[in-house]
Amino acid sequence: DRQTLVAVLQFLRRSNLRESEEILRREARLLGDDLGAAALSPAGTGLLGTPGGDADSTGGEALLSRVTAAATVAIGGSAAAVASSSPGVAAVAAVPPGKGGPRAGAAGSLAGAGGGTPGGWGGPSVGVEARIYPGLLGGEAEGVVVEDQPDVSAVLSAYNQQGDPTLYEEYYSGLKHFIECSLDCHRAELSQLFYPLFVHMYLELVYNQHESEAKSFFERFHGDQECYYQDDLRVLSSLTKKEHMKGNETMLDFRTSKFVLRISRDSYQLLKRHLQEKQNNQIWNIVQEHLYIDIFDGMPRSKQQIDAMVGSLAGEAKREANKAKVFFGLLKEPEFDVPLDDEDEEGENEEGKPKKKKPKKDSVGSKSKKQDPNAPPQNRIPLPELKDSDKLDKVMNMKEAARRVRLGPECLPSICFYTFLNAYQGLTAVDITDDSSMIVGGFADSTVRVWSVTPKKLRSVKTAADLSLIDKESDDVLERIMDEKTASELKILYGHSGPVYGTSFSPDRNYLLSCSEDGTVRLWSLQTFTCLVGYKGHNYPVWDTQFSPYGYYFVSGGHDRVARLWATDHYQPLRIFAGHLADVTCTRFHPNSNYIATGSADRTVRLWDVLNGNCVRIFTGHKGPIHSLAFSPNGRFLATGATDGRVLLWDIGHGLMVGELKGHTDTIYALRFSRDGEILASGSMDNTVRLWDAVKAFEDLETDDFTTATGHINLPENSQDLLLGTYMTKSTPVVHLHFTRRNLLLAAGAYSSQ
């Protein structure tokens, strides 16, 4: 096939293999005088025209993989030609290993897999032996043909290659027997193959309309799969006819994204040898077509190390996915003088200009003078200018911080629980302002309700006619514009036409965001308590939204599987973050606002770069949809909670899982770090709030290069020694948690009477 040939020639040229390129051109001319004629040759004979070509492949692919294979066999490190007596196999100059880097197709990086016998090759079987399947190169062959998400029909037609339907069970049980009898060290790694192979073999049977064989295959083997795939298997069992596969999203994802397995080279060699000896082409084809095997050198991983990392819809993350540099440090705070003592308070109220303070060693303002080496450049993304009111607020914040309680195992926070009683409208979202003065609830009856939690009531601005009468120069102009007649503890905002699933206050407390099943995100003014903008971009329910810590930007995520970054003054999104294979269920800004984390029903967490929209981290390990995210205040770590009742802790810089907190028995909907990051609070549907020792969880981390490279993570067996306390509510699932500026923990949820 002409395309393959052109691809191979380009690959050879890129890898500087001029001789091989010439030989290949000559080979191609055996079939026709030019490339055009070569492209017309029947698929059966392929480009090689060899009667002894491989049965399970078209000639073009065979040629491609032979060229790739031959290129990896380095003979004594020199570029000696590989002579071969097999008719039609090109003699190809070999590359010394290590030249051209891992991206140059398979060159150099798979020398082991290619054979690498010194001296010439003899015998006609050589062509088949040295064959390396591009699908198995685990990304090494990505340079040759890059395929993005293909369309449905193309995807499904991959299932056309027919094996004998009656032998599928035999193939599968043969492989199963081989894996179960292999050495313990390899068994855990190779067992990862069971699930993706099971799904693809089942789908292949269904697609080719062998319904009874498919049914018996499913019945016989579905019980062997890991328990965390139960939900996926339930969906799978309902696909029994070819027509069902056309519109099914879950299966399309499975089809279009290669399932990633991380396997050590030894285990991989073992598998490859077994499949080649058995001539088990059907399984080999699936491995080639649909799996991406990420091979690493070193010790195979143990069962528990693998179990910690697998479970997402598309397997693990490729190691490449977590290599990009992430600026996880904090931005430098603007400097201004902070009065810290009580007697300065009246000084602050004159014109709002704080007095100069005597320098104190431990004053909060002086902490951020040094630039964090891991921080992004200040101007990496444009952030809004600080207004005077923001500066005043920062001053207040610092004064509060000076009176903050230092938390720790010996000093746990008090918890104040806000229970929504008689919330028969169905409470679906909660948020609390940073200064803990207001609380908002989003409800299933499509209303948004805002309460004041301080004695100060909520007031709207006066009408335009009344405002024109006010003296704008007066000192208390901000007080005068408020209309006392509107004062009340509760304001109800009407506008959405479906349940409200997410709410978020802006840092300056002037605005409120809400997102709903109706597909819109609305921006409300907290001065007038009216809707200012409806942002329409999602076509389906929007599950979560959140303001940036600096205001102006906000993020939303929904059922359409993408997260969108918006700015309040643009009605179109600025960035669209696409990559998740299922709903984006929760979204969070990094404290420096340069990154966004999204959790999804595909059981992965992704970190996106706001600047260019790239995905810079993929974290796999949860066994259910993710419903809560929290960044540590220093920006280094991320905590995630899911329906599996586990809280997982991630080191963002190294892209590694560094902890697992077990204790909750139901979905975790709320996670928060205390203001200085000493304690992590988690709230769950099991009606408890749990406090964890974050300092201890993150100390003495093993983040050496080896761990980072292979993902050999060693989590402590027992997370109980990190658990500082469990606090039960009577019958109230915890929906939201918030630490006040002085480290009092506020929790919220709606009482459920069952």
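R742 is partly exposed, with a relative accessible area of 33% (buried means under 20%, exposed over 50% and partly exposed in between, for a 1.4 Å probe and protein chains only). The side chain of R742 meets that of E400 in a salt bridge, 3.1 Å from N to O (a side-chain nitrogen of Lys or Arg within 4 Å of a carboxyl oxygen of Asp or Glu). This pair links distant parts of the chain, 342 residues apart: R742 lies in the loop between β28 (736–739) and β29 (745–750), and E400 in helix α19 (residues 388–402). Helices (H or I, at least four residues) and strands (E, at least two) are DSSP runs numbered from the N terminus. The model is predicted; local features need pLDDT of at least 70 and side-chain atom pairs count only at pLDDT 80 or more, whereas totals for chains, interfaces and linings use all residues. Residues are numbered from 1 along each chain as its sequence is written, and side-chain values use heavy atoms, with hydrogens and water left out.

By the salt-bridge rule the count comes to 34. In one of these, the closest N and O atoms of D297 and R265 are 2.8 Å apart. D297 is in the loop between β2 (291–296) and α17 (303–309), 32 residues from R265 in helix α15 (residues 265–278). R265 counts as buried because its relative accessibility is 17%. A network of salt bridges links D393, D434, D435, R509, R675 and R741.

Strands β24-β25-β26-β27, in that order, form an open sheet with antiparallel pairing (two strands pair if DSSP finds at least two bridges between them). The edge strands, β24 (668–673) and β27 (723–728), each pair on one side only. Five bridges join β24 to β25 (residues 679–684), and R672 stands opposite A681 in β25.
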